[in-house]
Amino acid sequence: YGEEEVGGFAAALNIAGIAGACVAGLAMDRTHAYREMLRVGFVLSALSVAFLASQVRGGNAPMVGVSFGVMGAMIVPMIPVVVENALEC
């Protein structure tokens with residue numbers, strides 16, 4: 001993949017990750033379901049990595065970009081979820 005495509009992949013991961021972290025933080029604040037969010041987050045993170053691995057092949061840049069966005073939306077929100085679990089549980 002070229003430099004422009006790789007930059008787009010990184011942007012998709014970061015933007016989706018920030019949005020996902022906001023949603024996860026608000027959900028934990030309102031529901032106090034810390035452990036459930038952690039369990040669901042780990043499963044969704046593993047599935048998103050598997051989805052990315054299944055899409056990485058030549059000439060498939062749009063789906064790789066979507067895969068990076070999905071992975072960012074699942075993995076980046078795990079940071080506040082893990083920190084919140086460490087503090088609350």
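Helices here are DSSP runs of at least four residues, numbered from the N terminus. With that in hand, look at N60, which sits in the loop between α2 and α3, the helix of residues 61-75. The model is a predicted one.

Start with the whole chain. It has 4 helices and 0 strands. Read from the N terminus, the elements run α-α-α-α. Along the principal axes, the C-alpha atoms fill a box of roughly 45 × 20 × 15 Å. The chain has 89 residues, and 28% of them are buried. Its accessible surface comes to about 5500 Å². Carbon and sulfur atoms account for 70% of that surface.

Now consider which parts of the chain touch. Take the contacts between residues at least 6 apart in sequence. Of these, 76% join residues at least 24 apart.

Return to N60. Is this residue buried or exposed? N60 counts as buried because its relative accessibility is 13%, and the cut-off for buried is under 20%. Which residues does N60 touch, once neighbours within four places in sequence are set aside? They are Y1 and Q55.

Another loop deserves a look. H32 lies between α1, residues 3-31, and α2. Its phi is near 55°. That is a positive value in a residue other than glycine.

Next, follow α2 itself. This helix covers residues 34-55. Its partner here is α4, which covers residues 78-88. The two axes come within 9 Å and cross at roughly 150°. The crossing of α2 past α4 is left-handed. Which residues make the contact? On α2 they are Y34, R35, M37, L38, G41, F42 and S45. On α4 they are M78, V81, V82, E84, N85 and E88.

Finally, turn to the surface. V40, V43, L44 and L47 make a nonpolar patch of about 350 Å². One of these residues, L47, lies in α2. Is L47 buried or exposed? L47 is exposed, because its relative accessible area is 53% and the cut-off for exposed is over 50%. A residue needs over 30% relative accessible area to join a patch, so L47 passes that test too.

N60, in the loop between α2 and α3, is buried at 13%. L47, in helix α2, is exposed at 53%.

Terms used. Residues are numbered from 1 along each chain as its sequence is written. This is a predicted model: local features need pLDDT of at least 70, side-chain atom pairs count only at pLDDT 80 or more; totals for chains, interfaces and linings use all residues. Side-chain values use heavy atoms; hydrogens and water are left out. Patches are made of residues with over 30% relative accessible area and no salt bridge: like charges are joined within 9 Å, nonpolar side chains (Val, Leu, Ile, Met, Phe, Trp, Tyr) within 5 Å. Accessible areas come from the Shrake-Rupley method with a 1.4 Å probe; for residues, only the protein chains shown count as cover. A salt bridge is a side-chain nitrogen of Lys or Arg within 4 Å of a carboxyl oxygen of Asp or Glu. Helices (H or I, at least four residues) and strands (E, at least two) are DSSP runs, numbered from the N terminus. Buried means under 20% relative accessible area, exposed over 50%, partly exposed in between (1.4 Å probe, protein chains only). Contact means heavy atoms within 4.5 Å. Axes are lines fitted to C-alpha atoms, for helices over the stretch in contact, and angles run from 0 to 180 degrees between N-to-C directions. A crossing is left-handed if the near helix is turned anticlockwise from the far one by less than a right angle, and right-handed if clockwise.
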